[in-house]
Every structure is written in C-alpha cells, then in structure tokens.
Amino acid sequence: MLFRSVSQSRYDVVEAKDIDVELVAKSDILTIYLSDHGKPLSSEGGNAKLTILNGSDKKDYDLLSVGDRFELKGAFSVPKGSKAIAVIRLKSKVITARFNL
C-alpha cells in the first residue's frame with residue numbers, strides 16, 4: 001500500500017479486484033491512486049467517477065486521468081465521516097471501491 005502526504009485531508013485505502021485503490025480528498029483536490037502489489041498503475045486511457053456521500057448529501061465528480069492517478073481540482077467539502085464510492089474503468093477492467101473518510 002502507498003500512503004501519500006495527507007495532512008489537512010481525508011484518505012482511505014481499500015483493495016478491489018487485487019488492486020489497491022487509494023483516495024486522498026483535500027479541500028482543493030480529489031485524487032485516486034492505483035497500485036498492484038505496490039507498483040503504481042497508469043491511469044492512461046481510463047476514467048474514474050467518484051461519489052461522495054455525507055448524510056443525505058450526495059455529490060458526483062468525474063476525475064481526469066493524469067499519469068499514475070486520477071484527479072480533479074476545485075473546491076470540495078469532505079466532512080469527517082463521509083463515505084465515497086469510486087467506479088474506475090481501466091481498459092477492459094472495471095473496479096468499484098468504497099471508502100470511509
């Protein structure tokens with residue numbers, strides 16, 4: 001598993017289909033990293049949709065492929081206790097990951 005610098009952020013790492021999926025949610029950027037047995041996977045040609053749930057509030061985001069990660073810059077509110085669901089498409093593989101932030 002890889003752990004990023006996560007000060008002032010919410011993060012979680014889960015395993016889905018033998019792939020480690022790491023979500024780092026900061027107030028100005030949402031990032032998803034993928035790794036296979038500790039080796040980063042390229043996000044090239046893929047896409048990721050992230051849904052953040054907090055109580056009855058639901059927000060959907062489309063993250064962009066940037067080298068070894070998916071990310072989206074902007075202004076985000078991710079309160080402690082939020083849940084997130086990522087649906088990631090890499091070539092012919094679809095990965096769904098659930099996070100507790």
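In which strand is alanine 97 found? Alanine 97 belongs to strand 9, which covers residues 93–100, and the legends below describe close-up views of this predicted model.

View 1. When neighbours within four places in sequence are left aside, alanine 97 is in contact with Val14, Val21, Ala84, Ile85 and Ala86. Aspartate 20 lies 77 residues away from alanine 97 in sequence, yet the C-alpha atoms of these two residues are 9.3 Å apart in space.

**View 2. The hairpin of strand 8 and strand 9.** Strand 8 and strand 9 run antiparallel to each other and are paired over eight bridges. Two residues lie between the strands in this hairpin, where lysine 91 takes a positive phi near 50°. Leucine 90 stands opposite lysine 93, a residue of strand 9.

**View 3. Strand 2 and its pairing with strand 3.** Strand 2, made up of residues 19–26, is mostly covered, since seven of its eight residues are buried. Its antiparallel partner, strand 3 (residues 29–36), is joined to strand 2 by six bridges, and the hairpin between these two strands passes through two residues. Within this pairing, valine 21 has leucine 34 of strand 3 as its bridge partner.

**View 4. The largest nonpolar core, with its 25 residues.** The members that touch the most others in this core are Val21, Leu30, Ile32, Leu50, Ile88 and Phe99. Two or more residues are given to the core by each of several elements, namely strand 1 (9–16), strand 2, strand 3, strand 5 (47–54), strand 6, strand 8 and strand 9. Not counting residues up to four places away in sequence, leucine 30 touches a set of residues that includes Val24, Ala25, Leu50, Ile52, Leu63 and Phe70, and also Tyr61 and Phe76.

**View 5. The one aromatic pair that a search of the whole structure finds.** The ring centres of tyrosine 61 and phenylalanine 76 are 5.2 Å apart and the ring planes stand at 85°, so the pair is edge-to-face. Distant parts of the chain are linked by this pair, as tyrosine 61 sits in strand 6 (residues 57–66) and phenylalanine 76 in the loop between strand 7 (69–73) and strand 8 (83–90), 15 residues apart. Both tyrosine 61 and phenylalanine 76 are buried, and both are also touched by leucine 30.

Conventions:
Residues are numbered from 1 along each chain as its sequence is written. This is a predicted model: local features need pLDDT of at least 70, side-chain atom pairs count only at pLDDT 80 or more; totals for chains, interfaces and linings use all residues. Side-chain values use heavy atoms; hydrogens and water are left out. Buried means under 20% relative accessible area, exposed over 50%, partly exposed in between (1.4 Å probe, protein chains only). Helices (H or I, at least four residues) and strands (E, at least two) are DSSP runs, numbered from the N terminus. Two strands pair if DSSP finds at least two bridges between them. Rings of Phe, Tyr and Trp (its six-membered ring) pair if their centres lie within 6.5 Å; planes under 30 degrees apart count as stacked, over 60 as edge-to-face and the rest as tilted. Contact means heavy atoms within 4.5 Å. A nonpolar core is a set of buried Ala, Val, Leu, Ile, Met, Phe, Trp, Tyr and Cys residues joined through side-chain atoms within 4.5 Å.
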